[in-house]
Amino acid sequence: MLSRVAETRNPISFDYAIEISGRDILWRHDVDTSTRAAIEIARIDAEMGVSATFFANLRSDTYNLQSAYGRQFLSELLGLGHHVGIHLDSEYYGHFETSEELETCLSLEATTFQNLIGVRPTSFSFHNPSPREITFDADKYADMVNCYSKHLQSTCLYVSDSNGFWRSSPVSELLEKHPESPIHALTHPEWWAVKTLQPRERMAMAIFEEAFEQLHRYDESMKVRGRTNKSEFVSENNRLSRWLHSIETFNRIYGEEFQKR
Ligand SMILES: [Zn+2]
């Protein structure tokens with residue numbers, strides 16, 4: 001699919017979304033859960049020559065952009081030639097009633113991103129927008145391109161993998177059937193880690209992996225400080241074994257307790 005995008009399409013940044021036409025494609029990733037999955041996808045996109053925009057959430061439950069590793073994550077995305085936008089978690093702000101409220105929060109977040117990576121985002125997408133947020137359909141707010149603008153909705157064919165499956169036709173089908181129409185394609189990196197699992201299991205894996213990255217950083221910091229890191233588990237830096245360890249450990253410690261609930 002990605003090679004087809006690279007061969008037949010012109011990936012553009014959201015800076016040019018208002019003039020989108022022909023074979024242009026907006027290749028968008030909303031980072032909901034896993035920076036690890038996002039980096040994997042970012043590397044694959046870059047290898048294939050497809051530049052994407054990653055929308056990252058300052059209020060995520062599972063990752064922290066304002067930590068050292070969070071900033072490194074954003075810098076790596078930029079280093080790979082991608083763009084960074086704001087994935088705005090309106091629930092954190094108690095949802096927006098007016099465009100002024102929306103713009104105040106967007107400006108605040110844009111300044112935070114700018115302080116983190118030296119680049120001010122020029123686009124944003126809502127995370128789990130409420131019906132009210134969907135009505136904010138102007139091209140821009142706080143000088144940032146709105147992924148849910150009426151203009152984008154009417155000019156592009158839109159495809160999304162929200163909730164772990166294609167909402168309409170898969171991207172490959174759109175590319176095949178509409179070679180000359182502009183496309184806005186949204187994927188969430190955590191859904192693409194292990195495709196054979198059901199969406200809920202893929203989500204569980206993304207959450208575990210993010211936690212295991214944290215554990216890995218803890219192990220590294222212990223090593224750097226020359227401290228004793230007592231553990232009965234083998235620490236292997238291998239994705240599958242870490243995943244199996246996490247399940248096994250989780251089951252052993254919490255399995256019984258969860259069965260009672
Ligand atoms: Zn989201």
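How many of the 5 residues of strand β5 (residues 123-127) are buried? In this predicted model, local features need pLDDT of at least 70 and side-chain atom pairs count only at pLDDT 80 or more, whereas totals for chains, interfaces and linings use all residues. Residues are numbered from 1 along each chain as its sequence is written.

The chain has 9 helices and 9 strands, where helices (H or I, at least four residues) and strands (E, at least two) are DSSP runs numbered from the N terminus. A residue is called buried if 20 or more other C-beta atoms lie within 10 Å of its own, exposed if 12 or fewer do, and partly exposed in between, with the C-beta atoms placed from the backbone. Buried residues account for 31% of the 261 residues in the chain. Two residues are in contact if their C-beta atoms, placed from the backbone, lie within 7 Å, and among contacts between residues at least 6 apart in sequence, 67% join residues at least 24 apart.

Regarding the opening question, 5 of the 5 residues of β5 are buried, so this strand is largely enclosed by the rest of the structure. In a regular strand the side chains alternate between the two faces of the sheet. Both faces of β5 are covered, with buried S123, S125 and H127 on one side and buried F124 and F126 on the other. Two strands pair if DSSP finds at least two bridges between them; β5 runs parallel to strand β4 (residues 83-89), to which 4 bridges join it, and H127 in β5 has D89 opposite.

Strand β9 (residues 183-187) is mostly covered, since 4 of its 5 residues are buried. Parallel pairing joins β9 to β2 through 5 bridges, with R28 opposite L186 of β9, and β9 also pairs in the parallel sense with strand β8 (residues 157-160) over 4 bridges, where Y158 stands opposite H184 of β9.

Helix α2 (residues 35-47) consists of 13 residues and reaches 18 Å from its first C-alpha to its last, close to the 18 Å expected at 1.5 Å a residue, the expected span being 1.5 Å times one less than the number of residues. Its buried residues are T35, R36, A37, A38, I41, A42 and D45, and they pack against α1 (2-8), β2 (24-31), β3 (53-56), α3 (68-79) and α8 (199-224). Just after α2, G49 takes a positive phi of about 80°.

Two packed helices are described by the angle between their axes and the distance between the axes. The axes are lines fitted to C-alpha atoms, for helices over the stretch in contact, and angles run from 0 to 180 degrees between N-to-C directions. For α2 and α8 the packing angle is about 95°, with the axes 8 Å apart, which makes α2 roughly perpendicular to α8 (a term for angles of 65 to 115 degrees). T35, R36 and A37 of α2 and A206, E209, E210 and E213 of α8 make the contact, which by class has 2 nonpolar, 1 polar and 4 charged residues; Ala, Val, Leu, Ile, Met, Phe, Trp, Tyr, Cys and Pro count as nonpolar, Asp, Glu, Lys and Arg as charged, and the others, Gly among them, as polar.

In helix α4 (residues 99-117) lies L102, which is buried, with 23 other C-beta atoms within 10 Å. Leaving aside neighbours within four places in sequence, L102 is in contact with F96, F136 and Y141. L102 and Y141 are 39 residues apart in sequence and 7.6 Å apart in space, C-alpha to C-alpha.

Definitions and conventions: Parallel < 35°, antiparallel > 145°, perpendicular 65-115°, else oblique.
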